[in-house]
Amino acid sequence: MHYDVIVIGSGFGSLTSAALLSKHGLNVCVLEQAKYPGGCATSYKRKGHRFETGATTLVGLDEHMPLHYLLNETGIEIPGLRKLDKPMQVHLPNGAIVTRYQHLEEWIAEAERVFGTYNQRKFWEHCYRISKQVWQVSLRQRTFPFSSAGDLLQAAGSFRPWQLTLLPAAFTTIEDLLRKYKLLDNQLFVDFVNEQLLITAQNYIQEVNVLFGATALCYTLFGNYYVDGGLINLVQPVVDYCREKGASIKYGQEVTSIKPIPKGYTIATNKGTYTSRFIVSGIPLNNTVALFEDEKLSRRLQKYVLSSEKLNGAFTMSLVLNKQPRTILHHQVHLPQGLPIINSKSIFISFSHNADNTRAKEGEQVAGISTHIQDPANTYVKDKAEIEKAILDSLAKASLIQPEDIISYQSATPGAWQFWTKRAFGAVGGYPQYKQIKPWQMKDARLDHKGAYVCGDTVYPGQGIPGVCLSGIIAADKLLRDHF
């Protein structure tokens, strides 16, 4: 069958692109290897319970943010949204608990209470100012990173002088910012910042530049939402919109190769062959490059591809629990000694909302746990039980879960994630930020400058639902500007 656009994968970046291209009247087909949509931002059912696949928190609905833009452009409505006044708590090694309040003044007061008053206000006001400006610029400058003369012309028309104030933040790291405010000697605070960056920017203070780092550290200062029924109820309305606009969504279709042909591409899957004038790949860059039967293009793209040694995988657990009253759903627990085998220094856990009765049986709730594994292809987890025990013991010590409340649980390693999602190495969270890779050096949406485009968490701007949503907006925008 022939389509105007074939979108590979149905992660949220892919679906964003598909929705905007369908709105424009293009005949779009989404090919997804799994049995349901959403990629790393969806939910799956097991034994009557619904668990999150990866992402758990919905951010990006504020003005000047990507999800807000997508919903405004399409009229899509997301049901069952619950705004979280307290997005997260962080349990520190010294026994202190830090509450990540949404409002800046409340958060600064909390940071000063736990980490001391010295320069906390200056540091967080600096980060918050940059994070707000980054989101404003990101939607205004949808041609960034630039890869054509047209991009530069478009950017010039959207340019405002104040945008230049952000440039120094691309050349300095969060470590430099901590040094500026003389906070590097505050080890408790440095450890806190490092582990918070790891779950948002996938790296530490020495590597994450201030542009991305400030935005990552301040995500709790924007609207954070819980979606009743899980993030599948964020994804499904976008799928429904695409179908209403005439798009096809085909499941169980694993793409095995992409071959350029005159005026388009041939896309082979495990179930058949398709042709299209354009392609948008929403799967990781590692997987995308491996699909192209074009050696010259593959060689050109290799400079953007990161190896397993520079990526993160995850050890995850899904739990069914006796329901307990909980006012804060998301928690990060810091572990100074690290977990056995994988040496991870923090655990992230998310609980289902007490008022959401769609994800578990009466009197029960579900929870998802994740912790990082560096270099997933070369870190083999032989004894899951030892890691499981260490995680559950740490959560019990933090008074988050008690053994008697656990009804059942299961765990997974990067190998299982790779088998399930097909993501190279079982990597999660997208490409980590590295200081030698400036924002304009990240892969932009154009793959071959002919008709192939890319979005998702391994290209600009990177991680999280807001990031991949923006990447989908940019891919659709560049495709339409290039050819229509």
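Biologist: Is D482 buried, partly exposed or exposed?
Modeller: D482 is partly exposed, with a relative accessible area of 33%. Buried means under 20% relative accessible area, exposed over 50%, and partly exposed in between (1.4 Å probe, protein chains only). Keep in mind that this is a predicted model: local features need pLDDT of at least 70, side-chain atom pairs count only at pLDDT 80 or more, and totals for chains, interfaces and linings use all residues. Residues are numbered from 1 along each chain as its sequence is written, and side-chain values use heavy atoms, with hydrogens and water left out.

Biologist: OK, which residue forms a salt bridge with D482?
Modeller: That's R446, with the closest N and O atoms 2.8 Å apart. A salt bridge here is a side-chain nitrogen of Lys or Arg within 4 Å of a carboxyl oxygen of Asp or Glu.

Biologist: And where do R446 and D482 lie?
Modeller: R446 lies in the loop between α14 (414–421) and β19 (452–454), and D482 in helix α15 (residues 464–483), so the pair ties together parts that are 36 residues apart in sequence. Helices (H or I, at least four residues) and strands (E, at least two) are DSSP runs, numbered from the N terminus.

Biologist: Is R446 buried or exposed?
Modeller: Buried, because its relative accessibility is 3%. R446 and D482 also belong to a network of salt bridges, with R142 and D151 among the other members.

Biologist: New topic: how many salt bridges does the structure hold?
Modeller: 19. One of them joins K23 and E73, at 3.1 Å between the closest N and O atoms.
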